[in-house]
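This report describes one protein model, with attention to its fold, its charged pairs and its aromatic rings. The sequence and structure are shown first.

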Amino acid sequence: MKETYQTLQKLRLEENYTYQDMAEKLNISKCYYWQIEHKKRRLYYDLAKRIAAIFHLKPDDIFFDEIE
């Protein structure tokens with residue numbers, strides 16, 4: 001099973017984005033973004049769509065946990 005936070009972190013680091021970069025792109029605080037990436041805050045679909053768009057992906061590509 002893939003972990004959403006690991007996927008988000010991997011994508012972010014591949015693009016050389018910091019937590020602050022992501023927060024600015026999403027118009028949220030750095031702390032809020034960190035909490036999303038570390039599963040400390042609930043992620044709503046609208047924000048999931050915005051995050052996926054940054055990486056040119058669909059939300060399911062990042063946030064759908066596959067059960068093996």
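This is a predicted model: local features need pLDDT of at least 70, side-chain atom pairs count only at pLDDT 80 or more; totals for chains, interfaces and linings use all residues.

## An opening question

Which side chain meets that of Asp46 in a salt bridge? The partner is Arg50, with a nitrogen-to-oxygen distance of 4.0 Å.

## Overall architecture

The protein contains five helices and zero strands. Read from the N terminus, the order of elements is α-α-α-α-α.

Of the 68 residues, 34% count as buried. The accessible surface of the protein amounts to about 4900 Å², and carbon and sulfur atoms account for 48% of that area. Where contacts between residues at least 6 apart in sequence are considered, 50% of them join residues at least 24 apart.

## Salt bridges within a helix

The count of salt bridges comes to three. One of them joins Glu14 to Lys10, with the closest N and O atoms 3.3 Å apart. Both residues belong to helix H1, which spans residues 4–14, and because they are four residues apart there, about one helical turn separates them. Glu14 is partly exposed, at 49% relative accessibility, whereas Lys10 counts as exposed at 53%. The two residues fall in separate classes because the boundary between partly exposed and exposed is set at 50% relative accessible area.

The Asp46 and Arg50 pair, at 4.0 Å from N to O, lies in helix H4, residues 45–54. Asp46 is partly exposed with a relative accessible area of 47%, and Arg50 is partly exposed at 33%.

Arg12 is part of helix H1 and Glu37 is part of helix H3 (residues 30–37), so the bridge ties together parts of the chain that are 25 residues apart in sequence. Are Arg12 and Glu37 buried or exposed? Both residues are buried.

Arg12 also has an aromatic neighbour: it lies over the face of Tyr19, at 4.0 Å from the ring centre.

## Aromatic pairs

How many aromatic pairs does a search of the whole structure find? The search finds two. In one, Tyr17 and Phe55 are tilted, with 6.3 Å from centre to centre and 45 degrees between the planes. This pair links distant parts of the chain, 38 residues apart: Tyr17 is in the loop between H1 and helix H2 (19–26), and Phe55 is in the loop between H4 and helix H5 (59–63). Tyr17 and Phe55 are both buried.

The rings of Tyr19 and Tyr33 have centres 6.3 Å apart and planes at 50 degrees, so this pair is tilted as well. Tyr19 lies in helix H2 and Tyr33 in helix H3, and the pair links these distant parts of the chain across 14 residues. Both Tyr19 and Tyr33 are buried.

Conventions. Residues are numbered from 1 along each chain as its sequence is written. Side-chain values use heavy atoms; hydrogens and water are left out. Helices (H or I, at least four residues) and strands (E, at least two) are DSSP runs, numbered from the N terminus. Buried means under 20% relative accessible area, exposed over 50%, partly exposed in between (1.4 Å probe, protein chains only). Contact means heavy atoms within 4.5 Å. Accessible areas come from the Shrake-Rupley method with a 1.4 Å probe; for residues, only the protein chains shown count as cover. Rings of Phe, Tyr and Trp (its six-membered ring) pair if their centres lie within 6.5 Å; planes under 30 degrees apart count as stacked, over 60 as edge-to-face and the rest as tilted. A charge sits over a ring if NZ of Lys or CZ of Arg is within 6 Å of the ring centre and within 35 degrees of the ring normal.
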